[in-house]
Amino acid sequence: MLRTNFDKKINECMSNHLDSVNNDKWRNKYHIMAPIGWINDPNGLCEFNGEYHCFYQYSPLTPMGGLKFWGHAVSKDLANWEDKGVALYPDINEDKDGVYSGSAFVKDDTIYFFYTGNVKHQGEHDYILTGREQNVILVTSKDGINFSEKKVLLRNEDFPADMSLHVRDPKVWEEDGAYYMVLGARTKDDKGCILLYKSNDLYNWELNSVPAGRLDNMGYMWECPDTFKLDGKDVLMFSPQGMEAEGYKYNNVYQCGYALGSFDDNKQELKIGEFVEIDRGFDFYAPQTFEDSKGRRIVIGWMGVPDAVEHKNPTIDNFWQHQLTIPRELVLKNNRVYQIPVVELEALRKGESVKNNVSLNEETTLDIFESNTFELNIKFENSNEFEVELREDCKLSFSNKLFKLQLGKSGYGRDMRAVEIESVNAIRIFSDNSSLEIFLNNGEEVFSTRIYNDSVDTALKLRGNGSAIVEKWNF
């Protein structure tokens, strides 16, 4: 009955708002978006029976992020996605206030989904030390469409006594014949950390260790932890909340990044190195990775940040907000994690490319854009200073070993983000109707941002020194 009531409300919202959503000029063309309402964290990423599955946090009843469900999109090629509607509902006592983030683990012919069931009790609570349940819940599927009954695996009392009630976002993997689960957590003395649980059967879990955390200046809460190996090295990716800005670093309200490290033999301790932001833009948070059948480690992130108040998204007026990033392959180069757009995205290219050789010593304007959906590659030669302008008021510049992304009116409060970098020899941009994903030096640094320019600006403007090869494809 509860699902029936939810479906009725969702269908009413669809009837009232779907046309305005689909007719919005800022509705994107090739990114994963919710059909209506709100989308945030990618969840349950996996490849299963020849299809890629992306589940996501979904609030279909409001564009402002209300009660959370899991939405679901599938793809055969990582470039074209089909939305499958609501997958998981908040329909048991242990998840009645939201189906929160989690992950997928594929074993034989079954997908195991682990997620956090959110419960908030009524009364005078701070919901940090009192009034909240964060339940780890398991549901399985043989096809990614139909799901088993839910089973509660861990409750508040199963977490260490010095933890607050913020313990969530399970990520599960198998290693050396055992299963492991990391959970993001906040201690009672407001230190972020991760918890590591171990199981022999995916159903019964015991605390193995608190393998990393309680570090100075690393925030009060670590969300969406993910640990995996690249070239034999352990990578811990997580989203810390409560870090203070340091110059051009950590300028968003919450951060997202990774640290290289190593577990000891019994996984009692995870020693991690320097925390590095994985995306320097305005809109990136809660990424999740998975390994596909080709052996690639692929990441998708949310193009948004929780509790951001300095910038806005005007699409809420048409009853939708946010999107996910394009899929990116992670590789390790010189002890840094690079993000490379998956090669399958080249299938989105329409026709032949437009290619120009440009001297940067005087301003050059190229009228090459026919829409806001394109891929743009710029390779710089003998250039240590440049400015690139596109999309009306988006400026990309490099000078004195500093790269900047600057937005004007189209940023709706997004102003400037920057990174110190030795050189920039190439920029690759994926532009959609209301987003930009900018890759420097084949993924050494990445800037993701929403952008809301009023019309199609056909011009690309370049100036600086040296020369550049500019190539563009329509999408």
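**Exercise 1.** In this predicted model, state how many residues line the second largest pocket and which of them lie nearest its centre.

*Solution.* Begin with the lining, which in the second largest pocket is made up of 27 residues, with Val172, Trp173, Phe290, Glu291 and Arg297 lying nearest the centre. Next, turn to the secondary structure: β1, β5, β9, β13, β18 (285–291) and β21 (328–333) are the elements that each give two or more residues to this lining.

**Exercise 2.** Describe the largest pocket by its volume and by the elements that give two or more residues to its lining.

*Solution.* The volume comes first, and for the largest pocket it is about 840 Å³. Its lining holds 33 residues, and Trp38, Trp302, Val305, Pro306 and Asp307 are the closest to the centre. Two or more lining residues come from each of β1 (37–48), β5 (99–107), β9 (163–175) and β13 (221–230). Divided by class, the lining consists of 13 nonpolar, 10 polar and 10 charged residues.

**Exercise 3.** Determine how many cavities of 30 Å³ or more there are, and characterise the lining of the largest cavity.

*Solution.* The count is five cavities of 30 Å³ or more, and the largest cavity holds about 100 Å³ of space. Among the 15 residues that line the largest cavity, Gly102, Cys224, Pro225, Pro287 and Gln288 are the closest to its centre. The elements giving two or more residues to this lining are β1, β5, β9, β13 and β18.

Notes
Residues numbered from 1 in each chain as written. Predicted model: local features only at pLDDT ≥ 70, side-chain atom pairs only at ≥ 80, totals over all residues. Heavy atoms only, no water. 1 Å grid on protein atoms, 1.4 Å probe; cavity = no way out; pocket = protein on both sides within 12 Å on 5 of 7 lines; lining within 4 Å. Points joined across faces, edges and corners; volume = space filled by probe spheres on them. Helix = DSSP H or I, 4+ residues; strand = E, 2+ residues; numbered from the N terminus. Nonpolar A, V, L, I, M, F, W, Y, C, P; charged D, E, K, R; others polar.
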